[in-house]
Amino acid sequence: MELYEQLTAQGDKVRSLKTAKADKADVDAAIQLLLKLKVDYKEVTGQDYKAGCPPSGTAVSNDRQSENGGEEDTVDPWNVATNSAKGVDYDKLIVRFGSSKIDQELVDRIEKVSGQKPHRFLRRGIFFSHRDMNQVLDAYEKQKSFYLYTGRGPSSQAMHVGHLIPFVFTKWLQDVFDIPLVIQLTDDEKYLWKDLSLEDCHRFAEENAKDIIACGFDVNKTFIFSDLDYMGSSPEFYRNVVKVQKHVTFNQVKGIFGFSDSDCIGKISFPAIQAAPAFSSSFPQIFKGRKDVQCLIPCAIDQDPYFRMTRDVAPRIGYPKPALLHSTFFPALQGAQTKMSASDANSSIFLTDTPKQIKNKVNKHAFSGGKDTIEEHREQGGNPDIDVAFMYLTFFMEDDEQLEKIRQDYTSGILLTGELKKMLIETLQPMITAHQENRKNVTDEMVKQFMTPRPLNFNF
Ligand code: TRP
């Protein structure tokens, strides 16, 4: 009850700060505390805080504990796991990582500055956290441009729908802000971490590039590179790698990434290679040697450790800190306890799946929040918060009203699990088929164009 009252007071404080148009830093600090209180509240009561609804029940305090075994969610570049069927507690991650929540105010601001309706990933909290996005928008309003950087670790030929999320969103950002984009394919990283040959990793990079290009990027505005190729051809890139390496100690990377004495030295120094593209001087052909162009990195939140390190070294080597936009994970078919994984065929919808495979996988494997029998379902309704078919629709269905109606009908029991799954299948099938068509039209020649270091259509 005490926490509840504290939370209510803090909520009021945030609102009054916002109305008073208080200093951004003060508002952010107040929101950060509010989120932290919400996390504590959930831990103590086992319930989500709802304004105006004091905590109910008495024996609830163990609920959350048994729900997740009392342990923290695991989120790092190599593992994502939680015991909660609703998925990772993202508010808690914001507090743990010290990032900021993408609230309605920021979404509105992005709409205002870009002049476009916010992407559904923003409207629905799929990109939910950020670092310094307000600073990027401030500068953009003053005609100071920025660039986008994202990437992918090419660990296999097989990409699944979850892999597209950052690219779909990055494409939208590129279109609405009209800015350059660099995409890093970390074939070196996959060689160091997996039991794969260098040649295979490099080949996967080129194959994955086709799927990325199929998302519709403009060749005049986009540079895609394989580390194995670009590192050796760009003195400026390598100089930045070395600068980062000089300013981060083994102790620091141990703390950030959990490396141990028995990890190969390639792993230990790799974070510097993922950091370098966040500095514009790594791409002199694009930025004409300018080292002060601000970078914005859209990525899944598990990549944040790399960029916390990058932001930490940036000022020490004379560069601006990259800003970030973080996404949630794309849940596995079996449930939001973990993310989709390319190495488990049944957990994923691949970009190469046929309409029939899609249908079978959704029907067979998608974890349902529905009830066991139709009678029960009609009577009690389903739970969309743990239902994978519903979660996927929030990623891919464009129409907000239609999605909301589905949520209500499923919750009330009007809509059955089979019907919900059918809607998902009918959303996914044409989407994947269209992707396959686009990919077929990507020639080796086009891949080569995208992957050749060259000036882009921007004047820096
Ligand atoms: N490490 C990432 C992966 O394994 C790939 C990557 C490199 C990346 N640079 C990035 C992802 C920048 C997002 C943003 O998938």
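**A short tour of a predicted model**

F237 belongs to helix α12, residues 235–246. Helices here are DSSP runs of H or I with at least four residues, strands are runs of E with at least two, and both are numbered from the N terminus. Now pick out K142: the C-alpha atoms of F237 and K142 are separated by 29 Å, and the two residues are 95 apart along the chain.

Before we go on, a word about what you are looking at. This is a predicted model, where local features need pLDDT of at least 70, side-chain atom pairs count only at pLDDT 80 or more, and totals for chains, interfaces and linings use all residues. Residues are numbered from 1 along each chain as its sequence is written, and side-chain values use heavy atoms, with hydrogens and water left out.

Let's turn to the strands. In what order do the seven strands of the open sheet stand? The order is β3-β4-β9-β8-β5-β6-β7, and the pairing is mixed. Two strands pair if DSSP finds at least two bridges between them. β3 (100–101) and β7 (222–226) stand at the edges with a single partner strand each, so one side of each has no neighbour in the sheet. Stay with β3 for a moment: two bridges join β3 to β4, residues 127–131, and these strands run antiparallel.

Another pair of strands is β10 (residues 331–332) and β11 (residues 335–339), which are antiparallel and share two bridges. A hairpin of two residues links β10 to β11. Here A332 has G335 in β11 as its bridge partner.

Next come the charges. Side chains of opposite charge can pair when their charged atoms come close. We call it a salt bridge when a side-chain nitrogen of Lys or Arg is within 4 Å of a carboxyl oxygen of Asp or Glu. How many salt bridges does a search of the whole structure find? The search finds 34.

One of them joins the side chains of E207 and R439, at 3.0 Å from N to O. E207 lies in helix α10 (residues 198–213) and R439 in helix α21 (residues 417–440), so this pair ties together parts 232 residues apart in sequence. R439 itself is partly exposed, with a relative accessible area of 23%.

K422 and E426 form a salt bridge at 3.3 Å, N to O. These two are four residues apart in helix α21, which means about one helical turn separates them. E426 is partly exposed, at 45% relative accessible area.

Also in helix α21, K440 and E437 are three residues apart, about one turn of the helix, and their side chains meet in a salt bridge at 3.2 Å, N to O. Is K440 buried or exposed? K440 is exposed, with a relative accessible area of 62%, while E437 counts as partly exposed at 41%. Elsewhere, salt bridges that share partners join R120, R123, R124, E398 and D400 into one network.

My last stop is E379, in helix α18, residues 374–380. At 67% relative accessibility, E379 counts as exposed.

Key. Buried < 20%, exposed > 50% of the residue type's maximum accessible area, 1.4 Å probe, protein only.
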